[in-house]
Amino acid sequence: MTFRTEVFRQAYLLREETNRPFSECLVVSWKLYRLRKKLEAGIVTFSYRKLDGSIRRARGTLKDTGYIPKGKEISLKVINYFDIDAKEYRSFRISNLIRVYTS
């Protein structure tokens with residue numbers, strides 16, 4: 001799957017889940033794509049809304065973690081990452097991303 005295909009599929013998933021306009025979902029989808037690339041390159045600080053409604057500010061990475069997703073395909077509905085502070089893998093729904101902080 002090309003990166004553009006991934007971004008547009010994720011935007012359609014966001015639209016189905018949130019009923020927001022597609023243009024807004026596409027903007028969020030590009031943010032998610034850039035977040036995944038930053039996670040693969042090093043440590044990133046970002047925040048998202050947890051399922052209980054609270055906001056979590058996380059520091060995570062996917063670089064040199066040896067992460068192998070279960071199943072055949074990577075889900076476009078969640079972002080998986082290794083939490084630097086908790087020292088374990090975590091994930092969050094794509095619709096719950098709030099912000100990616102710059103270093």
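Two strands are said to pair if DSSP finds at least two bridges between them, and strands (E, at least two residues), like helices (H or I, at least four residues), are DSSP runs numbered from the N terminus. The model is predicted, so that local features need pLDDT of at least 70 and side-chain atom pairs count only at pLDDT 80 or more, while totals for chains, interfaces and linings use all residues. Residues are numbered from 1 along each chain as its sequence is written, and side-chain values use heavy atoms, with hydrogens and water left out.

**Overall fold**

- The chain contains two helices and five strands, and read from the N terminus its elements follow the order α-α-β-β-β-β-β.
- With a radius of gyration of 13 Å, close to the 13 Å that the globule rule gives for 103 residues, the chain is as compact as a globular protein of that length; the radius is taken over C-alpha atoms, and the rule is 2.2 Å times the number of residues to the power 0.38.
- Along its principal axes, the C-alpha trace of the chain spans about 35 × 30 × 25 Å.
- Among the contacts in the chain with a separation of 6 or more, 43% are made by residues 24 or more positions apart, where contact means heavy atoms within 4.5 Å.

**Surface and charge**

- Of the 103 residues in the chain, 32% are buried, a term that stands for under 20% relative accessible area, as against exposed for over 50% and partly exposed in between (1.4 Å probe, protein chains only).
- The chain exposes about 6,900 Å², of which carbon and sulfur atoms supply 50%; the areas come from the Shrake-Rupley method with a 1.4 Å probe.
- The chain carries 22 positive and 11 negative charges, whose mean positions are 3 Å apart; Lys and Arg count as positive and Asp and Glu as negative, whereas His and the chain ends are not counted, and each charge is placed at NZ of Lys, CZ of Arg, CG of Asp or CD of Glu.

**Strand pairing**

- Strand β1 (residues 44–49) pairs with strand β2 (residues 55–61) in the antiparallel sense over six bridges, and R49 stands opposite I55 in β2.
- The hairpin of β1 and β2 has five residues between the strands, and G53 there takes a positive phi near 100°.
- β2 runs antiparallel to strand β3 (residues 78–83), to which two bridges join it; the bridge partner of G60 in β3 is D83.
- β3 in turn pairs with strand β4 (residues 88–93), again in the antiparallel sense and over six bridges, with V78 opposite R93 in β4.
- Four residues lie between β3 and β4 in their hairpin, and K87 in the turn has a positive phi of about 60°.

**Selected residues**

- V44, in strand β1, is buried, with a relative accessible area of 5%, and beyond the residues up to four places away in sequence it touches L35, K38, L39, A58, R59, G60 and V100.
- The C-alpha atoms of V44 and T102 are separated by 8.0 Å, although the two residues are 58 residues apart along the chain.
- Q10, in helix α1 (residues 3–18), is buried, with a relative accessible area of 1%, and apart from neighbours within four places in sequence it is in contact with S29, L32, R36, L76 and I94.
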